[in-house]
Amino acid sequence: TKYSCVSWFFFLQVLNEKKLQEVDSLWKEFETPEKANKIVKLKHFEKFQDTTEALAASTALVEGKLSKNLKKILKKIVAKDAHEQLAVADAKLGGVIKEKLNLSCIHSPMVTELMRGIRSQIEGLITGLPSREMAAMCLGLAHSLSRYKLKFSPDKVDTMIIQAISLLDDLDKELNNYIMRCREWYGWHFPELGKIITDNLTYCKCVRKVGDRSNFASSDVSDILPEEIEEDVKAAAEISMGTEVSEEDINNIIHLCDQVIEISEYRTQLYDYLKNRMMAIAPNLTVMVGELVGARLIAHAGSLLNLAKHPASTVQLLGAEKALFRALKTKRDTPKFGLIYHASLVGQSNTKNKGKISRMLAAKTALTIRYDALGENTSAEMGAENRLKVETRLRLLEERGIRRISGTGKALAKTDKYQNKSEVKVFDPSGDSTLPVVSKKRKIQEVDEQD
């Protein structure tokens, strides 16, 4: 049995294998140190030189890798007892040992119970170390291992995405407030400009360059505005109904415009950073729903790994929890989508098909999230394939066609088009006559007259 502790590797040899067969009652054999010594005994002991070496060995064991020190020790054991089996608690590590050293390894519920018993009686199995010293070494290594995990944790990249998307939303809110204030402030001086220039950034650049409306006639803003709009602005400046303002007021407005332009440029830079981060961490999720929706899903779940644990139905309703519980409480229809509503595929569909598309998109998105979080491949091929399936489904729903999506998708239901074959009936005008009808039989009087 292999076991690693605070500042050493040690190997134990099983003395009574028959006792190990009774897995359910194995814990009774480790109730006291005396009983434990009858089951296993110390075979080999190897001490580490310092905490750094112990940390490296512990990290390798946690990740299921074979460290150099452990490899050397195992080679010594293989040379002596090649016929013995090595019990390991980690099946992945056992596979690596078997592949590299050709040493027979065993991993089973019995091994798990055995490791638990050894851990409980470790002080009795290894003599010569006081309990205080062992506790201090355990605490020191635990702190070092936790610090290492925090330093090299891949989850920290999720934190960068969460902070970036939160900052992006905050910038959008502040930017809207600043632009609204700028338009309202300068609107007292030149109200017609707000109706002519609809783009907010262009508006602020124009105000910053020109300042007072009287300067529009002599200023060249062709680098900011098209020629037609420039002529409209100059014409409106001459007949403006705005009030006159002082130079100090204009300077403050220009300073506000500077802030808006700087924040807009930083927002563009932050968006590019977020886009690159999302393509590096969750490429398939980004292809499916876009970087903004994907980042908001990760931020809502807390991390990419937490998001991967959610089923597709939860991914579909993330962000609509309040509406969901309100609907359940009032016994009304539950919502069909949450944050996923802002994905481009849901936006392309008409109102009738949004629920169906959001359900299918959530199912495929859940698969791509798990692939990104738990898979080793970093390509976005899976996301592209699933997006194509959803787009095909969307197109068929829009065309009201019937096609089998799963499999090859070759089966097409051939349905005849409905044609209206109503016959045109011609109206008979003979029934509209108002003349009296003359009987074909001649009256008696007419016959007598002829005679």
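1. In this predicted model, Gly64 comes after helix α3 and has a positive phi, near 75 degrees. The helix itself spans residues 51–62 and reaches 16 Å from its first C-alpha to its last, close to the 16 Å expected at 1.5 Å a residue. Buried residues in α3 include Ala54, Leu55, Ala57 and Leu61; Ser58 and Thr59 are also buried.

2. The largest nonpolar core comprises 62 residues, and Tyr186, Leu193, Phe216 and Leu285 have the most contacts inside it. Helix α13 (residues 247–281) gives the most to this core, contributing twelve residues. Domain 2 (156–273) and domain 3 (282–399) each supply at least three residues to this core.

3. Leaving aside residues up to four places away in sequence, Leu193 touches Tyr186, Tyr203, Val207, Phe216 and Val233. A second, separate core has eleven residues, among them Leu70, Leu86, Leu93 and Ile97.

4. Eight salt bridges are found in the whole structure. In one of them, Arg296 pairs with Asp169, with the closest N and O atoms 2.6 Å apart. This pair links distant parts of the chain, since Arg296 belongs to helix α15 (residues 291–301) and Asp169 to helix α9 (residues 155–187), 127 residues apart. Arg296 is partly exposed, at 28% relative accessible area, and Asp169 is partly exposed at 25%.

5. Arg181 and Glu184 form a salt bridge (3.5 Å, N to O). They are separated by about one helical turn because they lie three residues apart in helix α9.

6. A salt bridge also joins Asp258 and Arg208 (3.3 Å, N to O). Asp258 lies in helix α13 and Arg208 in helix α11 (residues 200–210), so the pair ties together parts 50 residues apart in sequence.

Notes. Residues are numbered from 1 along each chain as its sequence is written. This is a predicted model: local features need pLDDT of at least 70, side-chain atom pairs count only at pLDDT 80 or more; totals for chains, interfaces and linings use all residues. Side-chain values use heavy atoms; hydrogens and water are left out. A nonpolar core is a set of buried Ala, Val, Leu, Ile, Met, Phe, Trp, Tyr and Cys residues joined through side-chain atoms within 4.5 Å. Buried means under 20% relative accessible area, exposed over 50%, partly exposed in between (1.4 Å probe, protein chains only). Helices (H or I, at least four residues) and strands (E, at least two) are DSSP runs, numbered from the N terminus. Domain bounds come from an automatic or database domain assignment. Contact means heavy atoms within 4.5 Å. The expected span of a helix is 1.5 Å times one less than its number of residues. A salt bridge is a side-chain nitrogen of Lys or Arg within 4 Å of a carboxyl oxygen of Asp or Glu.
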